[in-house]
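Subject: Handover of a structure, with notes

Dear colleague,

Please find the structure below, followed by an account of what was found in it. I would be grateful if you read the two side by side.

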Amino acid sequence: MQSNNVHVIDHPLVQHKLSLMRNKEASTNSFRRLLNELSTLMAYEVTRDVPMQEVEIETPLEKMRTKVIDGKKLVFVSILRAGGGILDGMLSVVPGARVGHIGLYRDPKTLMAVEYYFKMPQSMENRDVVVVDPMLATGNSAIAAVERLKELNPRSIKFVCLLTCPEGVAALQKAHPDVPIYTAAIDRELNEHGYILPGLGDAGDRIFGTK
């Protein structure tokens, strides 16, 4: 399943924390803390090719030219509500990044995404976008989010999730083959209700303790 546009982040620390999160006995507090730590680790790979610019600074000994990223050109877009769990970890690595939100819910009958909120920074055409959502299951929410973002002509778009499955990857790649996918694992399959197996349950419910 891994291709040039699908990146499975298999670092031992990422896989270890994901295994702890999968456990049904993990508390809401533990799940939330692990998600924050895991997304911080994933941010390292996701931002590997972020553009840099040269600046002049002064060390305690002399002036020098060095490179920094322009965090303001990076936009983390959280798919509500569960995307906020990954967003916090990403922002701890790039605190200067801008943040956008897309409110989507999955219709329980059709499994299609329904939009109820959309708020982005200005001048998106000059920015690199990282869309975050814990699960890429049917792919409908991710596809809808990327479609809306493309209307703003950002410089680039990436999609980051904790878990996905062959069906979700195939759907997003078919709709948006230019959008790289970053994930910690590609699980076996979807069930008839659109949940990833073996998965970790409903990420939003486990983050917020709502079920």
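**The nonpolar cores**

The largest nonpolar core comprises 35 residues, and those with the most contacts inside it are Met42, Phe76, Met90, Val160, Leu162, Leu163 and Leu200. At least two residues of this core come from each of α1 (12–22), α2, β4 (74–80), α3, β7 (128–132), β9 (156–164), β10 (181–186) and α6 (203–208). Helix α2 gives the most, with seven residues. A second, separate core has 23 residues, including Ala142, Phe159, Leu172 and Val179. A nonpolar core here is a set of buried Ala, Val, Leu, Ile, Met, Phe, Trp, Tyr and Cys residues joined through side-chain atoms within 4.5 Å. Buried means under 20% relative accessible area, exposed means over 50%, and partly exposed lies in between (1.4 Å probe, protein chains only). Helices (H or I, at least four residues) and strands (E, at least two) are DSSP runs, numbered from the N terminus.

The model is predicted: local features need pLDDT of at least 70, and side-chain atom pairs count only at pLDDT 80 or more, whereas totals for chains, interfaces and linings use all residues. Residues are numbered from 1 along each chain as its sequence is written, and side-chain values use heavy atoms, with hydrogens and water left out.

Leucine 200 touches Leu18, Met21, Arg22, Phe31, Met135, Leu162, Leu163 and Arg206, not counting residues up to four places away in sequence. Contact means heavy atoms within 4.5 Å.

**Helix packing**

Helices α2 (residues 28–46) and α3 (residues 84–93) pack at an angle of about 55 degrees, and their axes are 7 Å apart. Axes are lines fitted to C-alpha atoms, for helices over the stretch in contact, and angles run from 0 to 180 degrees between N-to-C directions. The two helices, α2 and α3, are therefore oblique to each other. Angles under 35 degrees count as roughly parallel, over 145 as roughly antiparallel, 65 to 115 as roughly perpendicular and the rest as oblique. The crossing of α2 and α3 is right-handed. A crossing is left-handed if the near helix is turned anticlockwise from the far one by less than a right angle, and right-handed if clockwise.

On the α2 side, Leu35, Asn36, Ser39, Thr40, Met42, Ala43 and Val46 meet Gly85, Ile86, Asp88, Gly89, Met90, Ser92 and Val93 of α3. By class, this contact of α2 with α3 has seven nonpolar, six polar and one charged residues. Ala, Val, Leu, Ile, Met, Phe, Trp, Tyr, Cys and Pro count as nonpolar, Asp, Glu, Lys and Arg as charged, and the others, Gly among them, as polar. In α3, the buried residues are Gly85, Ile86, Leu87, Gly89 and Met90. Their cover includes α2, β4, β5 (98–106), β7, β9 and α6.

Helices α1 and α2 pack at an angle of about 160 degrees, with axes 9 Å apart, which makes α1 roughly antiparallel to α2. The crossing of α1 and α2 is left-handed. Leu13, Val14, Lys17, Leu18, Leu20 and Met21 of α1 make the contact with Phe31, Leu34, Leu35, Glu37, Leu38 and Leu41 of α2. By class, the contact of α1 with α2 has ten nonpolar, no polar and two charged residues.

**Individual residues**

Arginine 206 lies in helix α6 and is buried, at a relative accessible area of 15%. Apart from neighbours within four places in sequence, arginine 206 is in contact with Met21, Arg22, Asn23, Lys24, Ala26, Thr28, Phe31 and Leu200. Arginine 206 and methionine 21 are 185 residues apart in sequence and 9.4 Å apart in space, C-alpha to C-alpha.

A cis peptide bond joins leucine 197 and proline 198, with omega about 0 degrees. Proline 198 is in the loop between β12 (196–197) and α6.

Serine 123, in the loop between β6 (113–119) and β7, has a phi near 55 degrees, a positive value in a residue other than glycine. Serine 123 is partly exposed, at 40% relative accessibility. Asparagine 153, in the loop between α4 (140–150) and β9, also has a positive phi, near 55 degrees. Asparagine 153 is exposed, with a relative accessible area of 54%.

With kind regards
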